[in-house]
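Visitor: I have a model open and I'd like to learn how to read it. Could you walk me through some features?

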Amino acid sequence: MLTLPLAGIIKNYFPESKVLFLGRTYTKDIINLSEYIDGFINYDDFTKLNTSQKIEYVKGIGADVFLHVFPRRDIAFIAKRAGIPLRVGTRNRAYHWFTCNKLLNLSRKNSDLHEAQLNIKLLEFLGIDTTLSLSSIPAYYGFTKIPLLEERYSEWIDRTKFNLILHPKSKGSAKEWGMANFEKLIMLLPKDQFKIFISGTAEDAKSMKQFIDKNDIATDIT
């Protein structure tokens with residue numbers, strides 16, 4: 001969700017470009033909803049290959065640019081060995097100095113910008129205006145391929161209330177707000193105005209069991 005807007009921005013500036021998204025299995029269904037993504041590469045399947053197979057696979061993609069939004073050492077070295085012409089990463093990772101040929105200054109720790117805005121800063125090397133307001137970013141998700149909601153799920157939606165999904169866990173990808181704060185939020189929201197859902201992976205459901213059980217006013221969709 002923090003990376004996907006980059007695809008829309010790239011397509012806005014370069015309509016004829018082809019954008020592939022490298023992600024985990026659990027992200028595929030969301031990525032496939034976007035009109036700005038031309039292909040999905042499953043990282044979980046990719047990791048099952050040996051090093052030589054990984055290099056050949058990446059060579060076969062024929063990419064001109066590899067943008068390391070979520071930096072991983074193994075991917076950085078594979079992209080280099082596969083001979084991708086332009087490999088873009090931040091200066092903050094030591095291994096990028098050996099694997100990337102376009103290094104960008106990006107400090108996340110001391111920035112007041114939203115994580116999505118910081119990710120967009122990585123597109124400066126393309127001459128793209130990266131000073132987007134937070135409110136403008138949703139326009140670049142491109143969620144135009146959304147299927148009809150199954151009837152068993154649509155029945156859960158209360159048309160008389162604001163339907164709010166809370167997603168407390170981040171799988172370690174971001175600083176979390178804390179379960180106690182989410183619990184306070186549920187208590188504060190007027191019950192006659194909001195229908196609340198709690199989402200997450202199956203793994204999240206196990207770690208949040210006590211929280212979910214305690215806040216049974218919310219609908220569990222983990």
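Visitor: What is the accessible surface of the protein chain, and how much of it belongs to carbon and sulfur atoms?

Guide: Bear in mind that this is a predicted model. The accessible surface comes to about 13,900 Å², and carbon and sulfur atoms make up 53% of that.

Visitor: And how many of the residues count as buried?

Guide: The idea is a cut-off: buried means under 20% relative accessible area, and exposed means over 50%. Here, 36% of the 222 residues in the protein chain count as buried.

Visitor: Is Met1 buried or exposed?

Guide: Met1 has a relative accessible area of 52%, so that residue is exposed. Its place is in the segment before helix H1 (5–13). Met1 also belongs to a nonpolar surface patch with Ile30, Phe143 and Ile146. Together those four have about 360 Å² of accessible area.

Visitor: What about Gly60, buried or exposed?

Guide: Gly60 counts as exposed because its relative accessibility is 64%. You'll find Gly60 in helix H4, residues 51–61. From Gly60 to Ala82 is 22 residues in sequence, and their C-alpha atoms are 8.9 Å apart in space.

Visitor: How many helices and strands are there?

Guide: The protein chain has eleven helices and eight strands. Its C-alpha atoms fill a box of roughly 55 × 40 × 35 Å along the principal axes.

Visitor: Last one: how many positive and negative side chains are there?

Guide: Count Lys and Arg as positive, Asp and Glu as negative. That gives 31 positive and 25 negative side chains, with the centres of the two sets 8 Å apart.

Notes:
Residues are numbered from 1 along each chain as its sequence is written. This is a predicted model: local features need pLDDT of at least 70, side-chain atom pairs count only at pLDDT 80 or more; totals for chains, interfaces and linings use all residues. Side-chain values use heavy atoms; hydrogens and water are left out. Helices (H or I, at least four residues) and strands (E, at least two) are DSSP runs, numbered from the N terminus. Buried means under 20% relative accessible area, exposed over 50%, partly exposed in between (1.4 Å probe, protein chains only). Accessible areas come from the Shrake-Rupley method with a 1.4 Å probe; for residues, only the protein chains shown count as cover. The place of a charge is taken as NZ of Lys, CZ of Arg, CG of Asp or CD of Glu. Patches are made of residues with over 30% relative accessible area and no salt bridge: like charges are joined within 9 Å, nonpolar side chains (Val, Leu, Ile, Met, Phe, Trp, Tyr) within 5 Å. A salt bridge is a side-chain nitrogen of Lys or Arg within 4 Å of a carboxyl oxygen of Asp or Glu.
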